[in-house]
Amino acid sequence: MHGEYKIPGGKLVVVDVEAAGGVLRDVRVAGDFFLEPDEALDAVNRALEGAPADTDAAGLAARIDAALPEGTVMYGLTSEGVGIAVRRALAHATDWTDYDWQLIHEAPQSPALHMALDEVLTAEVAAGRRPPTLRVWEWGSPAVIIGSFQSLRNEVDAEAAERHGVEVVRRISGGGAMFVEPGNTITYSLSVPEALVQGLSFQDSYAYLDDWVLGALGDLGIRAWYQPLNDIATDQGKIAGAAQKRLVGHGGGPGAVLHHVTMSYDIDADKMLEVLRIGREKLSDKGIKSAKKRVDPLRRQTGLTREAVIDRMITSFGTRYGLTRGKVGDEELARAGELARTKFSSPAWTARVP
């Protein structure tokens, strides 16, 4: 069995391993990491040899830590990263490069239709009728998108939203509220087979699926990192938030993961604080006087247009994993349109947690 794991902000770890009699056998760890002294690699392999095959990543990391020679130095490598690679091998996880990725980047659409497209396209990936997909959104109007489990009245000032022409919709994933405006926001979705994140904890899957965009931001001259559970940050502040939803495959078969991210290209902080109630509380709790000190937009950090930032992100993804331009199919669009009307525009869904 073969498993790979790119450590967020670090290097690639590759593990080849067999499981026999309920324990790990013939363990071989490799990768482009740095490790001193040389004999430390043998110590890692010995520590894993004979470990119960159901040991979780943390337990495997503990065995490695206990076996490392004194003074061992790891660069781009962690004991837990090795443990995760082992778990991915045992789970027969796939890798980014195992797939033919499709790009969808179409004309602006309504907030409710975006919510529906996420659900429909990810269900199509789960059913095996659509390849793994990177979808870059274009917003047709300003909106607040609240998480699946958030209270509508606790999160949104309804009067302020109406005054500013801001539509309120609820997404299928958890997490916090997002305030978006068409020219100020960069949003994308990844709809991926569940096999891509096999062997990863829920938290690790966020870091794993965010890793490509950290590289894309690095190409733009921005040093960014994953900040648990679901933020992307720089020295200047938060620039993005992520959320996930896992969909079960047909008949209980292999499913798919929806991972979507909203990035701040620019921000009208005053308007955001009028519309989002929770924003005021978070800022107050942290003793921050201005939203601009909490969120640092990409426009200031890059000096590029929003379109140029998106183009460079798409190019970075394609360079890493390959990317073919596609589109939403007619049947997919019809199903999404129906869902947008009957579910995502429905008060019963939007106010399901009043």
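This briefing covers a sheet, the helices packed on it, and the pockets and cavities of the structure.

The model is predicted: local features need pLDDT of at least 70, side-chain atom pairs count only at pLDDT 80 or more, and totals for chains, interfaces and linings use all residues. Residues are numbered from 1 along each chain as its sequence is written, and side-chain values use heavy atoms, with hydrogens and water left out. Eight strands form an open sheet with mixed pairing. A search of the whole structure finds three cavities of 30 Å³ or more.

**Sheet layout**

- The strand order is β12-β13-β14-β15-β11-β7-β6-β16.
- Helices (H or I, at least four residues) and strands (E, at least two) are DSSP runs, numbered from the N terminus.
- Two strands count as paired if DSSP finds at least two bridges between them.
- The edges are β12 (225-227) and β16 (324-325), each of which pairs on one side only.
- Strand β6 (residues 102-105) runs parallel to β16, and two bridges pair them.
- Leucine 103 has arginine 325 of β16 as its bridge partner.

**Helices on the sheet**

- Helix α4 (residues 111-126) packs on the sheet and touches β6, β7 (133-136), β11 (185-193), β14 (237-247) and β15 (256-264).
- Contact here means heavy atoms within 4.5 Å.
- The direction of α4 makes about 145° with that of β15.
- Helix α11 (residues 306-321) also packs on the sheet, touching β6, β7, β11 and β15.
- The direction of α11 makes about 20° with that of β11.
- Axes are lines fitted to C-alpha atoms, for helices over the stretch in contact, and angles run from 0 to 180 degrees between N-to-C directions.

- Strands β12 and β13 run antiparallel and are joined by three bridges.
- A hairpin through three residues links β12 to β13.
- Glutamine 227 has aspartate 231 of β13 as its bridge partner.
- Strands β13 and β14 also run antiparallel, with four bridges.
- Their hairpin passes through two residues.
- Isoleucine 232 stands opposite alanine 240 in β14.
- From β13 (residues 231-234), Asp231 and Ala233 point one way, and Ile232 and Thr234 point the other way.
- All four of these residues are buried (under 20% relative accessible area; exposed is over 50%, partly exposed in between; 1.4 Å probe, protein chains only).

**Second largest pocket**

- The second largest pocket has a volume of about 330 Å³.
- On a 1 Å grid over the protein atoms alone, a pocket is an open set with protein on both sides within 12 Å along at least five of seven lines, while a cavity is a set of points where a 1.4 Å probe fits but cannot get out; lining residues have an atom within 4 Å of a point.
- Of the 18 lining residues, Tyr5, Ile7, Pro8, Ala207 and Tyr226 are the closest to its centre.
- α3 (79-90), α7 (202-219) and β12 each give two or more residues to this lining.
- The largest share, six residues, comes from α7.
- By class, the lining has nine nonpolar, five polar and four charged residues.

**Cavities**

- The largest cavity has a volume of about 50 Å³.
- Its lining is Leu134, Val136, Ile186, Tyr188, Trp212, Ile310, Met313 and Ile314.
- α11 gives the most to this lining, with three residues.
- The lining has eight nonpolar, no polar and no charged residues.
- The second largest cavity has a volume of about 40 Å³.
- Asp118, Trp137, Arg171, Met178, Ala243 and His260 line the second largest cavity.

Terms used:
Grid points are joined across faces, edges and corners, and a volume is the space filled by probe spheres set on the points. Ala, Val, Leu, Ile, Met, Phe, Trp, Tyr, Cys and Pro count as nonpolar, Asp, Glu, Lys and Arg as charged, and the others, Gly among them, as polar.
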